[in-house]
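Please view the sequence and the model together before turning to the points below.

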Amino acid sequence: MALLDWRVVHGGKTPPPGEVVRPDERLSWPRTFGLGAQHVVAMFGATFVFPLIMGLNPQLAIMMSGIATICFLLIVKGKVPSYLGTSASFVGGVVAIRAQGGDSADVTGAILVAGLILALCGVAIHFLGAPALHRVLPPVVTGAVVMLIGFNLAPVVAGIYWPQDQWVALLTMLAVMGMAIGFRGFLGRIAVFLGLIFGYVLSWVFDRVFGRINSFDPAANETTEHFRVNWAGVQSADWFGFPPQTSTGPDGKEIAGWHLPDFKLTFILLVLPAVIALIAENAGHVKAVAEMTDTDLDPVMGKAIAADGVGTALASAVGGSPTTTYAENIGVMAATRVYSTAAYYVAALVAILFGFSPKFGAIVSATPGGVLGGITVVLYGMIGLLGAKIWKENRVDFGNPINLIPVAAGIIIAIGNTTLVFNQEFQLAGIALGTIVTVVCYHLVRAIAPPHMLDQQRAEATVIVPDPRPPAEAGAAETAETITRDGTAPRA
């Protein structure tokens, strides 16, 4: 299809039952704008929650997500409808960077390099074919990396967010759980977004009823008596304007905004494991869209992965957040059966407009810590358990030592934040070390394994590569191809 040229179907009206709107088709523009608005709401919560957690500017993240989405659609030539929101896979690496004294420039520099590597991986997959991906990163490895990324973040919840307001955190967590399970359809898919609103309002009510709280205040970096909701920054923010440049506040702390990245090898290594998770989730996204549209998208899988890498590099080049294809928006397509890329262009343009409102950015930045505590305890756990979901759906056999031993070692190293010190300037720890151990040792173990273990592992299995990113909601169909557990072609 010609880019930005869609064929109007069903008379521009809502498609009849059983009918779909394909990526190169659209409905009337008013209906297309309505669908675009749904996609904005679906991606909204996670897209600005994760920048907050990573200490980046949420206003800039929303703006760059729109720009990255347009780039993605152009690179895949409109064949894969998708929205690129903020990736959760980098959170663990970013937390580690900041724990070692890194600032936002160090964070975005490391992410930019990871984005470029992801783009190169996509190019390689495009030319080598999808089976090459499964040979290098079989499900047992990708599941382990996703799991260790999520569970490594548990101390962040326990030590930073939850103690700021334990009761708001607990009630927000319960609200997210209740809405995710109790709400049907679209509302269930945006439970995190709704939970954030609930926690925000609850914090305001608690301020009115109980007054100030005595707890750790990240702004002051000490325990103080303060209100849960502080809108001083919101009141002074302009309604329209470009996201601010990164600056230093009166207290000497960084105020995140747009900035140029800085590059340090130690910090780059901390975020590289996220590349594996992004490859897995992008592959899962392409497979899901292929199933829903009844189209073979394997030939464009490499392009989609490369496009996400370009989006991540582009966003981080100006201080924005890393990107990834969003399962929430797959859910919208599954519910509406409208796969038109025109709706995604609309969503991207709306996100860019949001990015030009400092008032919006200030409201997001003022989210109380207790609210983030309740949300992150769910999100981080979901990241970890989605690793187990990859294992289950791909029938990974942990009775085989080839699968069991390297994965066991890598996960414990990551969760325990174990450190391997080379010298004062260079060390590997946590997620980075755990990922290296998992990937390298897996292939080493296979190289020395006796024939009977390899024969056991080569038993045919259905390989499904799901989207390991929270919240991966129900309603997105996933497809599969038959290959062996180690990623090789099935034996005749």
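The model is predicted. Its protein chain contains 21 helices and twelve strands, and buried residues make up 57% of its 492 residues.

**The chain as a whole**

- Among contacts in the protein chain with a separation of 6 or more, 77% are between residues 24 or more positions apart.
- The accessible surface of the protein chain is about 19,500 Å². Carbon and sulfur atoms account for 66% of that surface.

**Aromatic pairs**

- A pair of aromatic rings is described by two quantities, the distance of the centres and the angle of the planes.
- Six aromatic pairs are found in a search of the whole structure. One of them joins Trp29 and Phe33, with 6.1 Å from centre to centre and 55 degrees between the planes. This pair is tilted, because an angle that is neither under 30 degrees (stacked) nor over 60 (edge-to-face) falls into that class.
- Both Trp29 and Phe33 belong to helix α1, which covers residues 29-54. They are four residues apart, or about one turn of the helix.
- Phe206 and Phe210 also form an aromatic pair, with centres 5.1 Å apart and planes at 90 degrees. This pair is edge-to-face.
- Phe206 and Phe210 are separated by about one helical turn, because they stand four residues apart in helix α10 (residues 191-210).
- Trp6, Trp29, Phe33 and Tyr345 together form one aromatic cluster.

**Exposure of the aromatic residues**

- Is Phe206 buried or exposed? Its relative accessible area is 14%, so Phe206 is buried, the cut-off being under 20%.
- Phe210 has a relative accessibility of 56% and therefore counts as exposed, the cut-off here being over 50%.
- Trp29 has a relative accessible area of 36%, so this residue is partly exposed.

- Ser316 is located in helix α14, which spans residues 298-316.
- Ser316 counts as buried because its relative accessibility is 0%.
- A polar atom of the Ser316 side chain lies 3.2 Å from the backbone oxygen of Ala313.
- Which residues does Ser316 touch, not counting those up to four places away in sequence? They are Thr108, Ile111, Leu112 and Pro261.

Definitions and conventions
Residues are numbered from 1 along each chain as its sequence is written. This is a predicted model: local features need pLDDT of at least 70, side-chain atom pairs count only at pLDDT 80 or more; totals for chains, interfaces and linings use all residues. Side-chain values use heavy atoms; hydrogens and water are left out. Helices (H or I, at least four residues) and strands (E, at least two) are DSSP runs, numbered from the N terminus. Buried means under 20% relative accessible area, exposed over 50%, partly exposed in between (1.4 Å probe, protein chains only). Contact means heavy atoms within 4.5 Å. Accessible areas come from the Shrake-Rupley method with a 1.4 Å probe; for residues, only the protein chains shown count as cover. Rings of Phe, Tyr and Trp (its six-membered ring) pair if their centres lie within 6.5 Å; planes under 30 degrees apart count as stacked, over 60 as edge-to-face and the rest as tilted. A polar contact is a pair of N or O atoms within 3.5 Å; within protein, one must be able to donate a hydrogen and the other to accept it, and residues adjacent in sequence count only if both atoms are side-chain atoms.
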